[in-house]
Amino acid sequence: MTDKELLERINNIELREGKERTVKSYVLRNNVISPKSERIIKEHMNHYGFFFEDAPLDYAKLFGNNNPVVIEIGFGNGDTTAEVAIRRPEFNYIGIEVFLQGFVNLLGELGKRDIENVRIIRFNAVDVLNHMIPDGSVEGFHIFFPDPWQKKRHHKRRLMNPEFLHLLASKIRKGGYIYMVTDWEEYAEEVLELSTHEELLYNPFGGFAPPVTWRPVTKFEQKGMDSEHPINEIWLERVDHSSHS
C-alpha cells in the first residue's frame, strides 16, 4: 500500500450502503491529516492499527495470542485505553474511534510505550461490530463518557439506544460485560432503564455500579468531579442461562 493509499484509507471511516443514512452519534469537524500525524500514521499504523474489512476478525492473528478481547468504543485521546491495557495485561484491547486526532494520539502513544495488547481502528463502530466482530466472541465492552448530546432534539444521536445495546449484548460471551461511565446522570438513568428491557443482559448491582480499581481517572473526569458532577458507572453482564433464570 502506498503512503497516499494509507492516508486515504484512514479517512474512509464508514460504509455507505444504499441511499438511507442512519443517524450518527458523532459529527466530524476536522479530517485534515497534519504532517506530524502523517508521520505517526506511517510509522505505527501497520503494527498497531488495522482497517475495515467485511470479514470476521481473527483475534489470534491480530494479537499473536489467544487472550480474551475487550473492545473500547470511542476512546477519545486514548490515554485511558493505554493505561487500562498496561494495568490489565491479561486482556487484549481493540479501540474504535472516528476522531482523527484521538486516533493518531493513541497510535503514537502505543508506539512510544511499546504497548502490545492494543490494536485500533478508525471507523464507524456499528459497521465494525456488524461486519467484523463474531457473535459471542468478546469478553467485554468499555464505553467511557460517550457524548450525551444534551439537547432533547439531539437525544436520537446518543450512542446508547435499544438497538445498539442489543448489538453489544450479542457480541459478548455468556458472563461477559458492558461497562459504561458517564457524568451525565439523565443519560445514565436512561441506559439503566434500557438495560431492563434487554433479555440478553442483567445488572448484578441492580442500579449503578461501584468504581473499578483499574480504570484511571481522566482529566475530563477530574474536571467534572471538581464541579461536583456525579460519576455514574454502569456494569451489565451477559445472561448465562446455566446460572441465571
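Analyst: A helix here is a DSSP run of H or I with at least four residues, and helices are numbered from the N terminus. The model is predicted, so local features need pLDDT of at least 70 and side-chain atom pairs count only at pLDDT 80 or more, while totals for chains, interfaces and linings use all residues. Residues are numbered from 1 along each chain as its sequence is written, and side-chain values use heavy atoms, without hydrogens and water.

User: Which helices supply the lining of the second largest pocket?

Analyst: Helix 2 (35-48) and helix 5 (100-113) each give at least two residues to that lining. A pocket is an open set of points on a 1 Å grid over the protein atoms alone, with protein on both sides within 12 Å along at least five of seven lines; a lining residue has an atom within 4 Å of a point. Thirteen residues qualify here, and Lys36, Ile40, Val104, Asn105 and Gly108 lie nearest the centre. The space amounts to about 190 Å³, a volume being that filled by probe spheres set on the points.

User: What makes up the lining of the second largest pocket by class?

Analyst: It has 2 nonpolar, 6 polar and 5 charged residues. Ala, Val, Leu, Ile, Met, Phe, Trp, Tyr, Cys and Pro count as nonpolar, Asp, Glu, Lys and Arg as charged, and the others, Gly among them, as polar.

User: How many cavities of 30 Å³ or more does the structure hold, and what lines the largest cavity?

Analyst: There is 1 such cavity. A cavity is a set of grid points where a 1.4 Å probe fits but cannot get out. The largest cavity has a volume of about 40 Å³, and Arg9, Ile10, Met45, Phe50, Phe51, Phe52, Ile121 and Arg122 line it. That lining comprises 6 nonpolar, no polar and 2 charged residues.

User: What is the handedness of the crossing of helix 2 and helix 5?

Analyst: The crossing of helix 2 and helix 5 is left-handed, the term for a near helix turned anticlockwise from the far one by less than a right angle, with right-handed for clockwise. The axes of helix 2 and helix 5 cross at roughly 65° and come within 9 Å. The contact of helix 2 with helix 5 has 8 nonpolar, 5 polar and no charged residues.

Methods: Axes are lines fitted to C-alpha atoms, for helices over the stretch in contact, and angles run from 0 to 180 degrees between N-to-C directions.
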